[in-house]
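Student: I have a new model open and would like to go through it with you. Could you show it to me and take my questions one by one?

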Amino acid sequence: MKLDPSDPAAGLNLGNLLREQRRLVEAEAAYRSAVRADPHFAAAWHNLADLLDDGGRLLEAIDCEQRALDADPGYLDAVFNMALFPAAARTARAGRSLWRRYLELDRDSAWAERAKRALKYCEIQLANAEPEAGAKDA
């Protein structure tokens, strides 16, 4: 990174190494360096989001994951994580939409099996939240 700070892959790789060593402040700085070098580097945005989420910085993580999706709408890890966030930060309806999107991109992996279960959970939540057919407002 010191030789070529404009190389976003160097920032991503360094961030990954620092994160493994639990040097989280330095890892965050390295990921941020990667996205400064290339604002369309979905993997760096995703890894930064994951680091922030692990640190309890959910709103920042959601923003970074959205940037990963803006850079690459088909980036599976970002779609998966965004689908996880609605359970904590938004709604079952948003989760359902994101799980469906994930399953359009990945139907057969172990992650897809987890996505199918999560989608079913969102659908149950939504079904339980809907007013009974024929119920009248009081």
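**A ring cluster and its helices**

Tutor: Let us start with the rings: Phe80, Trp99, Tyr102 and Trp111 are linked into a cluster by ring pairs. The model is predicted, so local features need pLDDT of at least 70 and side-chain atom pairs pLDDT 80 or more, while totals for chains, interfaces and linings use all residues. Residues are numbered from 1 along each chain as its sequence is written, and side-chain values use heavy atoms, without hydrogens and water.

Student: Which elements does the protein have, and how many helices are there?

Tutor: Helices (H or I, at least four residues) and strands (E, at least two) are DSSP runs, numbered from the N terminus. From that end, the elements run α-α-α-α-α-α-α. The protein has zero strands, and the number of helices is seven.

Student: How many aromatic pairs does the structure hold?

Tutor: Rings of Phe, Tyr and Trp (its six-membered ring) pair if their centres lie within 6.5 Å; planes under 30 degrees apart count as stacked, over 60 as edge-to-face and the rest as tilted. The number of aromatic pairs in the structure is three.

Student: What is the geometry of the pair of phenylalanine 80 and tryptophan 99?

Tutor: The ring centres of phenylalanine 80 and tryptophan 99 are 5.0 Å apart, and the angle between the planes is 80°. Phenylalanine 80 belongs to helix α5 (residues 76-89) and tryptophan 99 to helix α6 (residues 92-105), so this pair ties together parts that are 19 residues apart in sequence. The geometry of the pair is edge-to-face.

Student: Is phenylalanine 80 buried or exposed?

Tutor: Buried means under 20% relative accessible area, exposed over 50%, and partly exposed in between (1.4 Å probe, protein chains only). Tryptophan 99, at 3% relative accessibility, counts as buried. Phenylalanine 80 has 5% relative accessibility, so phenylalanine 80 counts as buried.

Student: How many residues apart are phenylalanine 80 and tryptophan 111?

Tutor: Phenylalanine 80 and tryptophan 111 also form an edge-to-face pair, at 4.9 Å centre to centre and with 75° between the planes. This pair links distant parts of the chain, with phenylalanine 80 in helix α5 and tryptophan 111 in helix α7 (residues 110-129), and the separation is 31 residues.

Student: How does tryptophan 111 count by accessibility?

Tutor: The relative accessibility of tryptophan 111 is 49%. Tryptophan 111 therefore counts as partly exposed.

Student: How are α1 and α3 oriented to each other?

Tutor: Axes are lines fitted to C-alpha atoms, for helices over the stretch in contact, and angles run from 0 to 180 degrees between N-to-C directions. Helix α1 (residues 8-20) packs against helix α3 (residues 42-54) at about 25°, with the axes 10 Å apart. Angles under 35 degrees count as roughly parallel, over 145 as roughly antiparallel, 65 to 115 as roughly perpendicular and the rest as oblique. The orientation of α1 and α3 is therefore roughly parallel.

Student: Which residues of α1 meet α3?

Tutor: Contact means heavy atoms within 4.5 Å. On the α3 side are Ala43, Ala44, Asn47, Asp50, Leu51 and Asp54, and the residues of α1 that meet them are Leu12, Asn16 and Arg19.

Student: How are α2 and α3 oriented to each other?

Tutor: The axes of α2 and α3 come within 9 Å, and their crossing angle is roughly 155°. The orientation of α2 to α3 is therefore roughly antiparallel.

Student: How many nonpolar residues does the contact of α2 with α3 have?

Tutor: The contact brings Leu24, Ala27, Glu28, Tyr31, Arg32, Ala34 and Val35 of α2 to Ala44, Trp45, Asn47, Leu48, Leu51 and Leu52 of α3. Ala, Val, Leu, Ile, Met, Phe, Trp, Tyr, Cys and Pro count as nonpolar, Asp, Glu, Lys and Arg as charged, and the others, Gly among them, as polar. By class there are two charged and one polar, and the nonpolar residues number ten.

Student: What is the phi of arginine 22?

Tutor: Arginine 22 sits in the loop between α1 and α2 (24-37), and at 60% relative accessibility arginine 22 counts as exposed. Most residues other than glycine have a negative phi. Arginine 22 is not a glycine, yet its phi is positive, at about 65°.

Student: Which residues does proline 73 touch beyond four places in sequence?

Tutor: Proline 73 is in the loop between α4 (58-71) and α5. Not counting residues up to four places away in sequence, proline 73 touches Val79, Arg101 and Leu105.
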